[in-house]
Number of protein chains: 2
Amino acid sequence: MISAENPQTPSLVKDAPDGFLLPDYLSQRQQVVVEALDASISVVYPEKIYEAMRYSLLAGGKRLRPILCLATCELAGGTVEMALPTACALEMVHTMSLIHDDLPAMDNDDYRRGKLTNHKVYGEDIAILAGDGLLAYAFEFLTMQTQDVAPARLLKVVARLGHAVAATGLVGGQVVDLESEGAEDITLSTLDFIHLHKTGALLEASVLSGAELADAPKKMLEHLSQYARNIGLAFQIVDDVLDVTATREQLGKTAGKDLQSQKATYPSLWGIEESKQQAQRLVDEAKAALADYGEQALPLMAIADFITARQS
Amino acid sequence: MISAENPQTPSLVKDAPDGFLLPDYLSQRQQVVVEALDASISVVYPEKIYEAMRYSLLAGGKRLRPILCLATCELAGGTVEMALPTACALEMVHTMSLIHDDLPAMDNDDYRRGKLTNHKVYGEDIAILAGDGLLAYAFEFLTMQTQDVAPARLLKVVARLGHAVAATGLVGGQVVDLESEGAEDITLSTLDFIHLHKTGALLEASVLSGAELADAPKKMLEHLSQYARNIGLAFQIVDDVLDVTATREQLGKTAGKDLQSQKATYPSLWGIEESKQQAQRLVDEAKAALADYGEQALPLMAIADFITARQS
């Protein structure tokens, strides 16, 4: 986990371009995002639900989705301020998906990011409602807080966010993931479906919504879409590899969980080495999609590299 | 439950104005809404989640929220077509709240509208995801499908819907409801908080969003807000009374549930007769708020009357 307190050493980021330090960039952006998230929810009556939402929303994490949204808004000529409410909404939605995924009826996880999961602290009923509350609030928040964006463009972002979360996106991916658990022979195309939906859809929405807020041209949206799909799958492959190779301390959650639950993973299909190579190939393709944008795409390039280099 | 197959007899509707037949109106509008809901979700891969969402979305019910939305849009000079996507979104959100409320970790109900609850048919994991999917899709659907409404007005409706569902609305109401279960002395103000949020917030959003889509003047929105709050509470009081007096067959769900779970209800605070009188008083106030609008408000007036007259 990257955080302001614990930045990755620059040496882990391969090919980091001269003059651009990803750890500094990430920790600065994480701070902006965390401050905005902290301010987005106050604790009022009934306190328990607001505390439960804040507990998971502010429990750390890489803040990759909001940071991608801010970065693509800037790439397309917009500002951080313009994209910050959408960036927060993306993290709210992501947090909802983690809270609900961890429930006993789903993945039944006790730890997340080194802390007890939401339902272990607040109970299953409140955890379900905290997820629902974050999901609904995400739409209200981005709609009410976004400034200097034409309403028609903002509506596109609302639709994109909804599409990325619904059965066409992460909900659909989670369903196939649950159905595949313990199944004998999961094909590569099923595994790709799971991750293109469960992780990929919201990552793509993060990348595209930032650019859309700044009215990016169609060609740029296509390039960013390629970038997003490739880093999304690479991210998941690396996640699967780390589940096998990293310790619980590094991950902040139960390690070896996939093996234990007989979950189909990329390493189980390809082995560790081939998985690492596939992830690297996807990252290279992601970077190639942004070749036209020169220095302005440096943060996105470095984030792509970071995905294969990360240790947790 | 009112449906095209089983309309309430007109005699149950007190003071029905000449020439306006609420049962005909409701069954015609229910048909419009059900057809639109049926068309809103197709079953594609992964089929199970789409089937689960359709199971609860098309499981009957009064369709009161969508019908209110269509009625206020017309009252404010708009059309049914203009409000239909928002009307469907309101029913999707309402359905999500029912699916999640019925979960074992929440109210643990086996029956809803005379049918097995979502998790009894599809399992808890899919029921949680079906709720999430409906909630996210509601926002995508209303944003993508609404036509002939200015984007800025549509954004207001998105924000209103989010606010009505989040911790500021039905989620907050459900939290206080859960906290109050089995508690010794629930005050009237706590009970009002629960229902103004758990039921009232989405009813108010239904009433106001329809009018907002048609750019209703501020004064009309204030009147409609009074109307909505009053029918919302009246609706809940009647619900509580029916839980004591009606049979499971009439309700389509377990009767006497509130008593069994020691839930605070209006009849437990006031007794049956006083509860009925309070509901009638609220309905009268709701109707008084619309006194300025003459014949155009007939459907809303009749719906208010229907709330106290209904048997299920």
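This is a predicted model: local features need pLDDT of at least 70, side-chain atom pairs count only at pLDDT 80 or more; totals for chains, interfaces and linings use all residues.

Here is a short exchange on the fold, the chain contact and some backbone details.

Me: What percentage of the contacts in chain A between residues at least 6 apart in sequence join residues at least 24 apart?
Reply: Here the pairs counted are those at least 6 apart in sequence. The share of them joining residues at least 24 apart is 73%.

Me: What is the area buried between chain B and chain A?
Reply: The contact draws 46 residues from chain B and 46 residues from chain A. Carbon and sulfur atoms give 79% of the buried area. The area itself is about 3800 Å².

Me: Which element gives the largest share of the side of chain B that touches chain A?
Reply: Between the two chains there are zero salt bridges, and six residue pairs are in polar contact, both residues at pLDDT 80 or more. The elements of chain B that give two or more residues to this side are helix H2 (47-57), helix H4 (80-101), helix H6 (124-145), helix H7 (151-165), helix H8 (170-180) and helix H9 (188-213). The largest share, 14 residues, comes from H6(B).

Me: How many residues on the side of chain B that touches chain A are nonpolar?
Reply: That side also holds nine polar and six charged residues. The nonpolar ones number 31.

Me: What is omega for the cis peptide bond that joins Tyr45(A) and Pro46(A)?
Reply: Pro46(A) sits in the loop between helix H1 (22-40) and helix H2 (47-57) of chain A. In chain B, the peptide bond from Tyr45(B) to Pro46(B) is cis, with omega near -5 degrees. For the bond between Tyr45(A) and Pro46(A), omega is about -5 degrees.

Me: Is Arg63(B) buried or exposed?
Reply: Arg63(B) is found in the loop between H2 and helix H3 (64-75) of chain B, and its phi is near 60 degrees, a positive value in a residue other than glycine. Its relative accessibility is 3%, and the cut-off for buried is under 20%. Therefore Arg63(B) counts as buried.

Me: Where does Asp215(B) lie?
Reply: Asp215(B) is not a glycine, yet it has a positive phi of about 60 degrees. Its place in chain B is the loop between H9 and helix H10 (218-245).

How values were computed: Residues are numbered from 1 along each chain as its sequence is written. Chains are lettered from A and ligands numbered from 1 in the order in which they are written. Side-chain values use heavy atoms; hydrogens and water are left out. Contact means heavy atoms within 4.5 Å. Buried area is the accessible area (1.4 Å probe) that two parts lose on being put together, summed over both. A salt bridge is a side-chain nitrogen of Lys or Arg within 4 Å of a carboxyl oxygen of Asp or Glu. A polar contact is a pair of N or O atoms within 3.5 Å; within protein, one must be able to donate a hydrogen and the other to accept it, and residues adjacent in sequence count only if both atoms are side-chain atoms. Helices (H or I, at least four residues) and strands (E, at least two) are DSSP runs, numbered from the N terminus. Ala, Val, Leu, Ile, Met, Phe, Trp, Tyr, Cys and Pro count as nonpolar, Asp, Glu, Lys and Arg as charged, and the others, Gly among them, as polar. Buried means under 20% relative accessible area, exposed over 50%, partly exposed in between (1.4 Å probe, protein chains only).
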